[in-house]
Amino acid sequence: MKHNICMVSDFFYPNMGGVESHIYQLSQCLIQRGHKVIIITHAYGNRSGVRYLTNMLKVYYIPMGPFYNQCVLPTLFTSLPLIRNILIREKIAIVHGHSAFSALAHETMFHAKTLQLKTIFTDHSLFGFADASSLLTNEILKFSLADSNHAICVSHTSKENTVLRASLVPSLVSVIPNAVDTSVFAPDLTKRNHSKIIIVVVSRLVYRKGMDLLAGIIPEICCNHPDVDFLIGGDGPKRVDIEEVRESYQLQDRVVMLGALPHSEVQNVLNQGDIFLNTSLTEAFCIAIVEGACCGLQVVSTKVGGVPEVLPEELILLAEPSVKSLVSSLECAIKRKRDGTALPPEEMYKRMRDVYSWQNVAMRTEKVYDSISKDDDLDLGDRLWRYWNHGFDFPSFLFMAVAVIEFLYYCFLEWLLPRKVRL
């Protein structure tokens with residue numbers, strides 16, 4: 001069964017990250033399997049309008065700029081005419097939103113439900129239940145997924161988290177992991193400096209990625225091991241903290257800051273290192289440690305979220321999210337490197353080559369599409385009933401009111417811009 005699919009998220013190229021790579025790679029594999037795929041994201045600087053990527057993958061950079069943290073300002077009704085136009089013009093049957101952080105994904109899925117299209121959501125992150133930001137995001141996710149057909153999580157830990165946050169029936173949530181292109185991420189020992197031990201960090205330099213821990217690790221490791229250097233790729237608000245540590249301890253020649261990296265350069269950076277370090281405080285999957293293992297680096301990571309599910313025990317050293325525990329694991333990895341007891345890069349690549357495949361991810365996602373295509377369409381009454389079932393409270397009334405107003409607006413657009421005439 002072939003489908004017309006719309007991937008939607010605030011996060012897409014030229015922005016770099018795991019969600020962006022996931023959407024692109026999944027779309028390419030689905031196109032190869034005979035499906036029609038388009039992508040909707042917001043404008044990035046001068047990149048606005050329609051662009052075509054490899055295999056004629058059509059991307060709509062709609063004229064909405066980022067408001068905060070690369071996400072658009074939620075507008076609800078304002079974007080309905082444009083989104084409706086795109087979905088009808090492209091004959092979309094399934095709208096697939098990505099990332100709980102993405103306001104555009106939730107908004108487009110809401111419009112799609114008004115058009116009685118099938119919707120599916122992939123959650124790429126873990127959230128807590130205590131801070132104000134998490135509480136607000138969880139409440140939005142609960143109603144966003146209340147009338148969605150299915151949800152996908154990238155790990156079993158992520159599934160448990162999403163089921164609790166969104167009050168979902170577990171049978172409506174599938175676990176499909178991320179993947180890596182092993183034809184690109186492969187060992188290249190000619191790029192390594194054999195007189196040094198290089199610890200590589202490739203990450204967004206933000207609090208959630210544990211940059212405060214990294215700032216505490218760098219001086220201690222550099223003091224204990226004169227032959228160990230750091231190579232850091234990525235950018236973010238915590239870059240200032242890393243640079244302050246580098247200057248305070250006069251480590252400018254031992255801690256190299258590469259800044260933001262295009263995804264095409266990540267493999268070259270990884271192959272310059274011996275150890276890959278991940279200091280994340282929360283992580284649903286962490287594709288970066290898979291890329292590091294494929295390039296033959298010893299992996300040291302915090303034991304958080306879905307990370308313990310990703311790699312077998314012999315390919316990763318897990319630590320608690322603390323400076324002391326991470327330093328201890330790094331000391332172990334450094335000792336293995338010096339003693340020659342670490343698993344050879346070629347053997348690591350052989351072990352990882354067929355574990356996480358994008359073709360496998362696309363095939364499993366395709367099965368989800370096939371299953372939801374058989375679901376009954378939800379009318380306005382069905383949607384209101386689902387919102388009502390989430391509780392007799394203000395958010396329920398709010399979402400019910402928004403759904404009714406949007407439906408009336410949609411009916412007005414159907415009268416003002418009939419499909420057969422305008423679209």
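Modeller: Helices (H or I, at least four residues) and strands (E, at least two) are DSSP runs, numbered from the N terminus. The model is predicted: local features need pLDDT of at least 70 and side-chain atom pairs pLDDT 80 or more, while totals for chains, interfaces and linings use all residues. Residues are numbered from 1 along each chain, and side-chain values use heavy atoms, without hydrogens or water.

Biologist: How far apart are the end C-alpha atoms over residues 192–337?

Modeller: An unreviewed UniProt entry lists these residues as "domain: Glycosyl transferase family"; such annotations may be inferred rather than shown by experiment. Helix makes up 40% of the chain over residues 192–337 and strand 21%. The end C-alpha atoms are separated by 13 Å.

Biologist: What is the corresponding end distance over residues 42–131?

Modeller: UniProt, again in an unreviewed entry, places "domain: PIGA GPI anchor biosynthesis" on residues 42–131. Here the chain is 24% helix and 26% strand. Its end C-alpha atoms stand apart by 28 Å.

Biologist: Which residue in the turn between E3 and E4 has a positive phi?

Modeller: Strand E3 (residues 49–53) pairs with strand E4 (residues 57–62), antiparallel and over five bridges, where pairing requires at least two DSSP bridges. Within this pair, Arg51 faces Val59 of E4. The two strands form a hairpin with three residues between them, and a positive phi of about 60° belongs to Asn55.

Biologist: With which residue does Asp377 form a salt bridge?

Modeller: The structure contains 24 salt bridges (Lys or Arg side-chain nitrogen within 4 Å of an Asp or Glu carboxyl oxygen). In one of them, the closest N and O atoms of Asp377 and its partner Lys118 are 2.7 Å apart. The pair links distant parts of the chain, 259 residues apart: Asp377 is in the loop between H13 and helix H14 (380–389), and strand E6 (residues 118–123) holds Lys118.

Biologist: How many residues apart in sequence are the parts tied together by Asp274 and Arg192?

Modeller: Asp274 and Arg192 form a salt bridge with closest N and O atoms 3.6 Å apart. Asp274 lies in the loop between helix H8 (263–270) and strand E12 (275–278), and Arg192 in the loop between strand E8 (173–175) and strand E9 (197–202), so the parts joined have a sequence separation of 82 residues.

Biologist: Are Asp274 and Arg192 buried or exposed?

Modeller: Relative accessible area decides this: under 20% is buried, over 50% exposed, and in between partly exposed (1.4 Å probe, protein chains only). By that criterion, both Asp274 and Arg192 are buried.
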